[in-house]
Amino acid sequence: MKIVDLTREDRDWTHQTASLLQESFEAWSTYEMARDEVIDSLQEERISRVLLSHEGEVIGWIGGQSQYGGNVWELHPLVIREAHRRKGHGKRLVLDFEKQVAQRGGVTIMLGSDDEHNQTNLSNRNIYTDVPAFIKEFRSEDHPANFYFKLGYVIVGIIPDANGMGKPDILMAKRVE
Ligand SMILES: CC(C)(COP(=O)(O)OP(=O)(O)OC[C@H]1O[C@@H](n2cnc3c(N)ncnc32)[C@H](O)[C@@H]1OP(=O)(O)O)[C@@H](O)C(=O)NCCC(=O)NCCS
């Protein structure tokens, strides 16, 4: 397996990545929407990397773009093909992304991890009543936030009702050195 930049020339990998995105997230409900997202990621100033199997199958994709004059990079999106999850591939892509960000002079990686399906104790709560307490008492068993915790990311904020009432976006970040 190897991780490589996704470029405009890689038409088959771009197609596979768009299909992977569409089948993995509700937000990209059509192939065309997913393809546009992947094509957007191919701009020179962005990061767009795919994990390939020995046979050339796209196993996962990670993307990102800089903010705050290059100090901060938003990790978005990250996806591993369902049959290949929980084998360390997500971790491998994030560690590679961190290296890419460091090489570009970035010091912070941030990301938003939505809770749209009542997967955490933040769902259906009025976050505004005590934001620090909600962050401190965050609990979840199978939400991707746990994956990011294991990689050293911490919760730095919550966007209440980001995906509809009671469905927040959980903002996480990590210093890259
Ligand atoms: C989240 C995702 C990228 C994780 O990728 P993965 O390849 O399955 O994760 P890894 O195997 O590298 O996991 C690394 C560690 O995190 C843990 N982990 C992974 N997903 C987890 C989850 N949903 N809940 C709790 N722990 C999780 C693993 O058990 C592993 O722990 P270990 O180091 O103690 O063995 C993958 O599940 C995915 O693509 N999900 C759908 C899309 C998505 O939610 N993307 C993130 C949006 S913010």
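Helices (H or I, at least four residues) and strands (E, at least two) are DSSP runs, numbered from the N terminus. The model is predicted: local features need pLDDT of at least 70, side-chain atom pairs count only at pLDDT 80 or more, and totals for chains, interfaces and linings use all residues. Residue numbers start from 1 along each chain as its sequence is written.

**View 1. Elements of the protein.** The protein contains 5 helices and 7 strands. Its radius of gyration (taken over C-alpha atoms) is 16 Å, close to the 16 Å of the globule rule (2.2 Å times the number of residues to the power 0.38) for 177 residues, so the protein is as compact as a globular protein of that length.

**View 2. The largest nonpolar core.** A nonpolar core is a set of buried Ala, Val, Leu, Ile, Met, Phe, Trp, Tyr and Cys residues joined through C-beta atoms within 7 Å; buried means that 20 or more other C-beta atoms, placed from the backbone, lie within 10 Å of a residue's own. The largest such core has 34 residues, and L21, I62, L75 and F97 have the most contacts inside it. Strand β4 (residues 72-80) supplies the largest share, 5 residues.

**View 3. Surroundings of L21.** Leaving aside residues up to four places away in sequence, L21 touches W28, A34, E37, V38, P77 and V79 (contact: C-beta atoms, placed from the backbone, within 7 Å).

**View 4. The ligand shell.** Of the 18 residues around the ligand (C-beta atom, placed from the backbone, within 6 Å of it), R85, G90, K91, N146 and F147 come nearest. The elements giving two or more residues to this shell are β4, α3 (89-103), β5 (108-114) and α5 (144-150). The largest share, 4 residues, comes from α5.

Key. A residue is buried if 20 or more other C-beta atoms lie within 10 Å of its own, exposed if 12 or fewer, and partly exposed in between; C-beta atoms are placed from the backbone. Two residues are in contact if their C-beta atoms, placed from the backbone, lie within 7 Å.
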